[in-house]
Amino acid sequence: MAEQRGSETSGRLEREGGEQIAWKRRYGSGPTVVWLGGFRSDMAGTKAEALDQAAARHGWDYLRFDYFAHGASSGRWEDASIGRWREDALAVIDALTEGPLVLVGSSMGGWVSCLAALARPQRIKAMLLIAPAPDFTEKLMKPALPEAARRSIEETGQWISDGGYDEPFAITRRFLDDGRNWEILGGPISIDVPVRILQGQRDDAVPWRHALKLVDALTSDDVAFTLVKDGDHRLSRPQDIARMIAAVSDLVSA
């Protein structure tokens with residue numbers, strides 16, 4: 001590898017329509033650890049940064065990126081979709097990595113990680129999923145919408161939600177419809193690599209029993225589910241970060 005071990009670089013991957021996906025890479029050895037963030041999060045979040053620091057300490061190869069319409073990447077939020085974010089992940093993996101991968105997906109990133117693993121099974125060595133939210137558009141988001149939101153989406157095609165995030169955003173009919181196209185919990189999920197799942201029992205965004213549905217659906221026999229009794233959705237406390245880094249270390253070195 002021409003790049004110096006431990007060095008970091010960043011760039012923007014050109015996508016269709018002139019859009020750009022922002023990414024950062026820390027060079028190291030072994031399988032590439034790829035961070036896939038959650039809904040309306042970015043690669044500067046607590047867990048993504050903690051993994052970067054761990055990569056620097058341990059000499060891991062580490063890649064993180066922002067989905068379309070997230071963080072430093074370009075794109076109109078109203079044009080975003082699960083399918084587009086899946087394509088972003090695959091484009092980044094194909095263009096910027098070689099060899100085996102350890103995917104680390106948080107919340108929605110757990111869903112995207114599964115979609116990427118299904119599309120590139122020969123590349124995946126292992127996966128760590130943190131509060132994974134497969135099928136969340138139909139199974140979690142849609143049922144939680146107030147009646148006024150459902151009516152607005154039906155009549156106007158969208159509803160503006162503050163959703164507990166930094167700023168309001170649109171939930172569109174197109175977004176919800178697209179999510180149904182990528183559901184995976186309806187049958188066996190043909191992922192046969194080691195999978196580790198960290199889940200907070202006090203998670204008010206992704207109930208822990210929802211994550212157990214993913215455990216049941218995965219075809220891999222090497223799946224371990226860790227339920228953190230006092231853990232929330234973010235799992236970003238020091239003790240949660242330590243669990244995450246230990247799990248990644250085990251998967252990288254296995």
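**Close-up views of a predicted model**

**Figure 1. Lining of the largest cavity.** Trp 35, Gly 37, Ser 41, Asp 42, Met 43, Phe 65, Asp 66 and Tyr 67 line the largest cavity of this predicted model. Sorted by class, its lining comprises 4 nonpolar, 2 polar and 2 charged residues. The space inside the largest cavity is about 30 Å³. Searching the whole structure gives 1 cavity of 30 Å³ or more.

**Figure 2. Contact of helix H4 with helix H6.** Helix H4 spans residues 136–144 and helix H6 spans residues 173–181. Their axes come within 8 Å and cross at roughly 140 degrees, which means that H4 is oblique to H6. On the H4 side, the residues that meet H6 are Phe 136, Thr 137, Glu 138, Met 141 and Lys 142. On the H6 side, they are Phe 175, Leu 176, Gly 179 and Arg 180. The contact of H4 with H6 has 4 nonpolar, 2 polar and 3 charged residues by class.

**Figure 3. Contact of helix H2 with helix H6.** The axes of H2 and H6 come within 7 Å, with a crossing angle of roughly 60 degrees. H2 is therefore oblique to H6. From H2, Ile 82, Gly 83 and Trp 85 meet Phe 175, Asp 178 and Gly 179 of H6. By class, the residues of this contact divide into 3 nonpolar, 2 polar and 1 charged. Phe 175 and Gly 179 of H6 meet residues in H2 and also residues in H4.

**Figure 4. Ring pair of Phe 39 and Phe 175.** The count of aromatic pairs comes to 11. In the pair formed by Phe 39 and Phe 175, the ring centres are 6.0 Å apart and the planes stand at 45 degrees, so the pair is tilted. Phe 39 belongs to the loop between strand S3 (29–36) and helix H1 (46–58), whereas Phe 175 is in helix H6, so the pair ties together parts that are 136 residues apart in sequence.

**Figure 5. Surroundings of Ala 69.** Ala 69 sits in the loop between strand S4 (60–65) and helix H2 (82–96). Its phi is near 65 degrees, a positive value in a residue other than glycine. Most residues other than glycine have a negative phi. With neighbours within four places in sequence left aside, Ala 69 is in contact with Ser 74, Gly 75, Arg 76, Trp 77 and Ala 80. From Ala 69 to Leu 90 the separation is 21 residues in sequence and 16 Å in space, taken C-alpha to C-alpha.

Figure 6. Asp 135 is located in the loop between strand S6 (124–130) and H4.

Methods. Residues are numbered from 1 along each chain as its sequence is written. This is a predicted model: local features need pLDDT of at least 70, side-chain atom pairs count only at pLDDT 80 or more; totals for chains, interfaces and linings use all residues. Side-chain values use heavy atoms; hydrogens and water are left out. Axes are lines fitted to C-alpha atoms, for helices over the stretch in contact, and angles run from 0 to 180 degrees between N-to-C directions. Helices (H or I, at least four residues) and strands (E, at least two) are DSSP runs, numbered from the N terminus. Angles under 35 degrees count as roughly parallel, over 145 as roughly antiparallel, 65 to 115 as roughly perpendicular and the rest as oblique. Contact means heavy atoms within 4.5 Å. Ala, Val, Leu, Ile, Met, Phe, Trp, Tyr, Cys and Pro count as nonpolar, Asp, Glu, Lys and Arg as charged, and the others, Gly among them, as polar. On a 1 Å grid over the protein atoms alone, a cavity is a set of points where a 1.4 Å probe fits but cannot get out, and a pocket is an open set with protein on both sides within 12 Å along at least five of seven lines; lining residues have an atom within 4 Å of a point. Grid points are joined across faces, edges and corners, and a volume is the space filled by probe spheres set on the points. Rings of Phe, Tyr and Trp (its six-membered ring) pair if their centres lie within 6.5 Å; planes under 30 degrees apart count as stacked, over 60 as edge-to-face and the rest as tilted.
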